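These are my notebook entries on a structure that I had not consulted before. I set down what I looked up, entry by entry.

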Amino acid sequence: MSSSDEQEDEELQMAIALSLQTSQPRTAPTAPTSEQQVISLDSDASTTDDEASAVPCPLTSLQAQTLEPAPVARASGILGLDRKLMEQERLARKRKVSISPPPLRKSFKTSKPRSKTVRRPSPGPAAQVSCPAQTGNLLYANGAIRKTWAFGYPRENDIKLEEVLQKKDLTLAVLSSFQWDVEWLLGKISMDTTQLVFVMQADTDVMKVQYRRETAAMSNLRLCFPSMEGQINCMHSKLMLLSYPQHLRVVVPTANLVPYDWGETGIMENTVFLIDLPRLSADRRVAIADDMTDFAKDLIYFLQAMGLEQTIIDSIRSFDFSATQDLAFVHTVGGAHAGAHEPWRRTGYCGLGRAISQLRLASDKSLNIDYITSSVGSLNLDFLTALYLAAQGDDGLTEYTWRTQVSRKKAKAAEKDDLLAVQKEYAQKKTSDGLRIYYPSLETVKASRGGTENGGTICFQSKWWNAPTFPRELLRDCTSRREGLLMHNKRMGQALQGSKYEAAKA
């Protein structure tokens, strides 16, 4: 037996031992300790080839293809990680000459956990921005929106997860998602050369301990758990920060990190926004975040609220965000927002209104708004009017004033004469006239390739539809141009009424 075979057998035995261990759970600190390697988005900027080879190699990885389940039960945890199987696959992959793309999975998980971009129209010729020479090599230097690839459909203006990640040169990936298929995801990443940070929902400390124990052997993986305290019920954000030797890729997808959301089962489509930002030379690194674009400032604000390691957040300043000058990063941070710096202005529909104003798109004229969604809640006209006002550039105070003052009027006759009540009624009328919500009907779901059994992530409840306050007249059936696909997209488009306008058609 060769020395390499002996070494591989030793690695396999170690992985098996880890898979069967029942020792006390280990909890990783939120900040790196002296024994942990400090990671950041710019840590690879000056990395040599020798240094790159010294990146901690994970004990486990995943073969980039689906294996038939063994007839015996396998020990796996909440994340679905089987260390023994994963190590066998890693060793098998080392013996392969080449690796083919992952085939379509015959089955997929049905596990049951927001950020948007807004672009300012250019008023004239774009200003010349001084950027490093490598900007010309960036695929998405000006930002782009792509639909996700779908198995069985012609490729046209779409993108695969592999094309988003570009694993060959990927050095650090910060990935946030609500739903996860971790084994499938790891098969699309070069585990020997890429540092990973997973931003995940964990409702309890017990769950955090379990997640950390399951991934303890993966030295290149850190976990980040945003706060779930107070009024926060769900961590639904989908965001990617992908660091490469020459640039940072910021990705805002509507897809979770599961195969069906990325088209591998050919039943679902999503949308991806991505932009490539060139790395700055050391002497041009931005000293403070306040000197960056509004897009960058709000991205940093969101990452801080998420609880991401400060070293990663600080390294954002190592990239040139000039291309985001006419973009806004709109997010939703859960919980209550109060304080001297008025944090409520920066997130939710208040943050949307603020972004519209910053981009100089605010208008009191009537709007046509088309909103494509995959989930509909207990809607009412009050909330939709607040969203409509935000699209005009309102910061949320108008709705707040109505809610706190108009509702106090006890006599209906007096309320009709009240100026605030009249303003509210007028705004609601404009909302009803200008807003359309696109969501698939039951007939559309039944006729889709996956049928109703694969429509579980398209969420609505009949009790909300039947509520007397639900604005049924605003809903429209949502069908994809790629016939048979269900849409998991979340997109909002708007235009001034009376302008050259065509209703959004998916």
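Which residues does D395 touch, not counting residues up to four places away in sequence? I worked from a predicted model, and there I found D395 touching W344, R345 and C350.

**Entry 1: the surroundings of D395**

I placed D395 in the loop between α10 (381-392) and α11 (397-405). I then looked up its polar contacts. The side chains of D395 and R345 are joined by a polar contact of 2.5 Å. I also noted that a polar atom of the D395 side chain lies 3.1 Å from the backbone nitrogen of L397.

**Entry 2: helix α13**

I turned to helix α13, which covers residues 419-434. I listed its buried residues as A421, K424, A427, Q428, K430, T431 and G434.

**Entry 3: α10 against α13**

Two packed helices are described by the angle between their axes and the distance between the axes. For α10 and α13 I recorded an angle of about 85 degrees, with the axes 9 Å apart. Angles of 65 to 115 degrees count as roughly perpendicular, and α10 and α13 are therefore roughly perpendicular to each other.

Which residues of the two helices meet? From α10 I wrote down L381, D382, L384, T385, Y388, L389 and Q392. They meet K424, A427, Q428, K430, T431 and S432 in α13.

**Entry 4: the sheet of 4 strands**

I traced an open sheet of 4 strands in the order β14-β13-β12-β16, with mixed pairing. Its edge strands are β14 (475-476) and β16 (491-496), each of which pairs on one side only. Helix α13 packs on this sheet and touches β12 (367-372) and β13, its direction making about 50 degrees with that of β13.

I followed β13 (residues 435-438) to its partners. It runs parallel to β14, and 2 bridges join the two strands; here I437 stands opposite L475. With β12, strand β13 pairs in the parallel sense over 4 bridges, and Y371 has I437 as its bridge partner.

Are the residues of β13 buried or exposed? I found L435 and I437 pointing one way and R436 and Y438 the other way, and all are buried.

**Entry 5: the sheet of 8 strands**

I next traced an open sheet of 8 strands, in the order β3-β2-β10-β8-β7-β4-β5-β6 and with mixed pairing. Its edge strands, each pairing on one side only, are β3 (158-159) and β6 (221-224).

Within this sheet I examined β7 (residues 239-243) and β8 (residues 247-253), which pair in the antiparallel sense over 4 bridges. L241 stands opposite V250 in β8.

Which helix lies across β7 and β8? I identified α7 (residues 294-306), which also lies across β4 (172-176), β5 (195-199) and β6. It runs at about 110 degrees to β7.

**Entry 6: A336**

Last, I looked up A336, in the loop between β11 (327-331) and α9 (348-358). Is it buried or exposed? A relative accessible area over 50% counts as exposed; A336 has 65% and is therefore exposed. I also noted Q231, which is 105 residues from A336 along the chain, while their C-alpha atoms are separated by 7.2 Å.

Note on methods:
Residues numbered from 1 in each chain as written. Predicted model: local features only at pLDDT ≥ 70, side-chain atom pairs only at ≥ 80, totals over all residues. Heavy atoms only, no water. Pairing = 2+ DSSP bridges. Contact = heavy atoms within 4.5 Å. Axes fitted to C-alpha atoms, helices over the stretch in contact; angles between N-to-C directions. Expected span 1.5 Å × (residues − 1). Buried < 20%, exposed > 50% of the residue type's maximum accessible area, 1.4 Å probe, protein only. Polar contact = N/O pair within 3.5 Å; in protein donor to acceptor, adjacent residues only side chain to side chain. Parallel < 35°, antiparallel > 145°, perpendicular 65-115°, else oblique.
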